[in-house]
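Here is a friendly note to read alongside the model. Please keep the structure open as you go through the points.

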Amino acid sequence: MPNESKRSYPWTTTLKDKQVTLRLMRSDDRDALLGFARSLPEDDLLFLAVDITRQEALDQWVHNIQTGQIRTVLAEANGKLIGHATLNHNALQWTRHLGEIVLLISPDYRGIGLGGLLANELFSIARELGLQKIVARMASEQRGALQVFERLGFRAEALLGDYVIDRQGRTHDLIVMSYDVTGLTE
C-alpha cells in the first residue's frame with residue numbers, strides 16, 4: 001500500500017502534560033479532518049492552497065493518500081483530532097526530489113512542541129522516500145508560521161509578489177521556504 005511508512009504507528013507521547021497520539025491518516029478520517037478544518041479560526045484557513053473546509057477538497061485528499069501522492073500524520077488527544085502534518089510528493093514531476101509540507105494545529109495545542117514533533121515525523125518520511133528537500137509556502141503576513149518554520153530549520157528562498165489570493169479576493173505575497181532533508185543524514 002503506497003501510504004505505508006517504515007515508522008510504526010500509532011504511537012503516543014506526552015507534551016507539556018498533554019497526551020498526544022500520532023498516526024497515519026486513513027480514508028475513513030475524511031469527516032474528522034473536515035470537522036477539524038471547520039473548527040479552526042478563519043485566519044488559519046485564509047492562505048491554505050486548498051480550501052479544506054470543502055468536502056470535495058477532502059475527497060481529493062483521500063484519493064491522493066490512496067495513490068501515495070500525499071502522506072498525512074494526524075495528531076489526536078482524548079479521541080479528538082488536534083492537528084496534522086502533510087507531505088505532498090509527486091514522483092512523476094521534475095520536482096520529484098521535493099516534498100511540500102503543510103502543518104495545521106488546533107489553537108488549544110499550540111506552543112507545546114506539537115508542530116516540531118509533526119514536522120520531524122514528515123522529515124523521517126521524506127528521508128524514507130529519498131527526498132532531498134522539503135518546501136513550505138505561506139503568505140508573507142503569516143508571521144507565526146514563518147517563525148515556526150525558521151525554528152524548524154527552514155530558510156527563505158523566494159518571495160513571489162501578489163502570488164496568492166485569499167477568500168475575499170485580495171492578493172498577497174507568497175514566501176517559499178525550504179529545508180534540506182539530505183543534510184540530516186550526511
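1. A charge counts as sitting over a ring if NZ of Lys or CZ of Arg is within 6 Å of the ring centre and within 35 degrees of the ring normal. Lys 18 meets this rule: Lys 18 lies over the face of Tyr 109, 4.6 Å from the ring centre.

2. A word on how to read the rest. This is a predicted model, in which local features need pLDDT of at least 70 and side-chain atom pairs count only at pLDDT 80 or more, while totals for chains, interfaces and linings use all residues. Residues are numbered from 1 along each chain as its sequence is written, and side-chain values use heavy atoms, with hydrogens and water left out.

3. Next, the aromatic pairs. Rings of Phe, Tyr and Trp (its six-membered ring) pair if their centres lie within 6.5 Å; planes under 30 degrees apart count as stacked, over 60 as edge-to-face and the rest as tilted. That rule gives 4 aromatic pairs here. In one of them, the ring centres of Phe 123 and Phe 154 are 6.2 Å apart and the planes stand at 40 degrees, so the pair is tilted. Phe 123 belongs to helix α4 (residues 114-129), whereas Phe 154 is in the loop between α5 (143-151) and β7 (155-165), so that this pair links parts of the chain 31 residues apart. Helices (H or I, at least four residues) and strands (E, at least two) are DSSP runs, numbered from the N terminus.

4. Which residue pairs with Phe 154 at 5.4 Å centre to centre? The partner is Tyr 179, and this aromatic pair is tilted as well, with 40 degrees between the planes. Tyr 179 is in strand β8 (residues 171-180) and Phe 154 in the loop between α5 and β7, so the pair ties together parts that are 25 residues apart in sequence. Phe 123, Phe 149, Phe 154 and Tyr 179 form one aromatic cluster.

5. Are Phe 154 and Tyr 179 buried or exposed? Buried means under 20% relative accessible area, exposed over 50%, and partly exposed in between (1.4 Å probe, protein chains only). Phe 154 has a relative accessible area of 4%, so Phe 154 is buried. Tyr 179 is buried too, at 11%.

6. Strand β8 deserves a look of its own. Of its 10 residues, 7 are buried, so β8 is mostly covered. Two strands pair if DSSP finds at least two bridges between them. β6 and β8 run antiparallel and are joined by 7 bridges; Ala 139 stands opposite Leu 174 in β8. β7 and β8 are also antiparallel, with 7 bridges, and Ala 156 has Met 177 in β8 as its bridge partner. The hairpin formed by β7 and β8 has 5 residues between the strands, and Gly 169 in the turn has a positive phi of about 85 degrees.

7. Finally, the charges. How many salt bridges does the structure hold? There are 11, where a salt bridge is a side-chain nitrogen of Lys or Arg within 4 Å of a carboxyl oxygen of Asp or Glu. Asp 44 and Arg 110 form one of these, the closest N and O atoms being 2.1 Å apart. Asp 44 lies in helix α2 (residues 42-45) and Arg 110 in the loop between β5 (98-105) and α4, so the pair ties together parts that are 66 residues apart in sequence. Asp 44 counts as buried at 16% relative accessibility, whereas Arg 110 is partly exposed at 39%.

8. Asp 28 forms a salt bridge with Arg 26, with 3.1 Å between the closest N and O atoms. Asp 28 is exposed at 58%, while Arg 26 is partly exposed at 42%. Both belong to a network of salt bridges that links Arg 23, Arg 26, Asp 28, Asp 29 and Glu 76.
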